[in-house]
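The sequence and the structure come first, and the description follows.

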Amino acid sequence: MSLPDLEGRCAVITGASRGIGASLAEHFAARGLSLGLCSRGAPALAASQRVVSARLDVTDERAFEAFADSVVARFGAIDLWINNAGVLEPIAPVRDVSAADFREHIDINLTGLFLGTRTFVRHLRARGGQGVLINVSSGAAWKPYEGWAAYCAGKAGVERFTEVVAAEEEASGLRAYSIAPGVVDTAMQELIRGCGPDRFPEADRFREMSANQSFNTGEFVAHHFLAIAFDPQARPDAVAVALPDEKN
Ligand code: NAP
């Protein structure tokens, strides 16, 4: 993979306070990209000449759009938009999940991602030209995990949603992907490892991964995301993409 000079390109990353989003932010900043970062807690990089940094909830339509406007006002054009913000909970069998918890999950993992996607698509149509959308998916989009009904349903939804918008906007310059990053050792993984078999029967497999340190690193994910967005040789054929295992 050979990346072009990325100085002056602009990327938006949601869910940038920690985990994969924070790694993307740090790696992209080191490559010279200008960044728009948001999360409910403080994003990993503070506001600076090259960074617009905002605390917001991706389910808050007005705050999200105002943030995007401020990124455009500062940097002119957004080249890459990554809907990374996501939650795993509720973790429990369906019979024990409350309607309120299920709704909250779908509101963040699907409606928040819809809002980010719509904002980016409208921006692209207004400015013309090319843009890349990455919606962060998961292996849970394809595999049913007991205890993760909301997460599996939401991530499967992310994939089909992204396929629809990719088809709708192809002619107007959008390349859209839903990308499963592989297993990355973040707060989400700590949460998984802390689950008993009553809530999540497969937790042992993830504890084993931790013992073997067989994770993808955030830097590996960041490198692949940049290649998919900016290296013409690395363009995937399909909308739905799974990153390989780094340690294989
Ligand atoms: P994480 O460490 O828990 O980080 C999640 C990020 O999303 C945080 O920055 C969090 O920030 C943000 N977020 C959550 N709810 C939000 C909301 N309502 N509004 C704005 N930001 C919100 O998890 P991660 O592992 O980095 O996960 C990142 C993405 O990768 C998620 O979409 C996840 O499903 C996906 N993924 C992760 C793995 C893995 O192994 N780690 C595997 C497959 C897919 P605040 O709490 O400060 O808002």
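## Basis of the description

Helices here are DSSP runs of H or I with at least four residues, numbered from the N terminus. By that definition, His 105 lies in helix α3, which covers residues 99–127. The model is a predicted one.

## The ligand and its shell

For Ser 17, a polar side-chain atom is 2.8 Å from a ligand oxygen. For Tyr 151, the corresponding distance to an oxygen atom of the ligand is 2.6 Å. In Gln 189, an N or O atom of the side chain lies 2.8 Å from an oxygen atom of the ligand. On its own the ligand has 870 Å² of accessible area, and the protein covers 95% of it.

## Tyr 151

Tyr 151 belongs to helix α4. Is Tyr 151 buried or exposed? Its relative accessibility is 8%, and the limit for a buried residue is under 20%, so Tyr 151 counts as buried.

Leaving aside residues up to four places away in sequence, Tyr 151 touches Val 87, Leu 88, His 105, Asn 109, Ser 138, Ala 140 and Met 188. Tyr 151 and Gly 86 are 65 residues apart in sequence, while their C-alpha atoms are 9.2 Å apart in space.

## His 105

His 105, one of the residues that Tyr 151 touches, has a relative accessibility of 1% and therefore counts as buried. A polar atom of the His 105 side chain lies 2.8 Å from the backbone oxygen of Glu 89. With residues up to four places away in sequence not counted, His 105 touches Val 87, Leu 88, Glu 89, Pro 90, Leu 110, Ala 150 and Tyr 151.

## Helix α1

Helix α1 has 12 residues, which at 1.5 Å a residue should span 16 Å; the end C-alpha atoms of α1 are 17 Å apart, in agreement with that figure. After α1 comes Gly 32, with a positive phi near 95 degrees.

Which residues of α1 are buried? They are Ile 20, Gly 21, Ala 22, Leu 24, Ala 25, His 27 and Phe 28. An α-helix has 3.6 residues a turn, so residues three or four places apart point the same way. The cover over the buried residues of α1 includes the strands β1 (10–14), β2 (34–39) and β4 (80–83), together with helix α7 (218–230).

## Helix α7

Among the buried residues of α7 are Gly 218, Phe 220, His 224 and Phe 230. What covers the buried residues of α7 includes α1 and the strands β4, β5 (131–136), β6 (174–180) and β7 (240–242).

Key: Residues numbered from 1 in each chain as written. Predicted model: local features only at pLDDT ≥ 70, side-chain atom pairs only at ≥ 80, totals over all residues. Heavy atoms only, no water. Polar contact = N/O pair within 3.5 Å; in protein donor to acceptor, adjacent residues only side chain to side chain. Areas by Shrake-Rupley, 256 points an atom, 1.4 Å probe, with all protein chains shown as cover. Helix = DSSP H or I, 4+ residues; strand = E, 2+ residues; numbered from the N terminus. Buried < 20%, exposed > 50% of the residue type's maximum accessible area, 1.4 Å probe, protein only. Contact = heavy atoms within 4.5 Å. Expected span 1.5 Å × (residues − 1).
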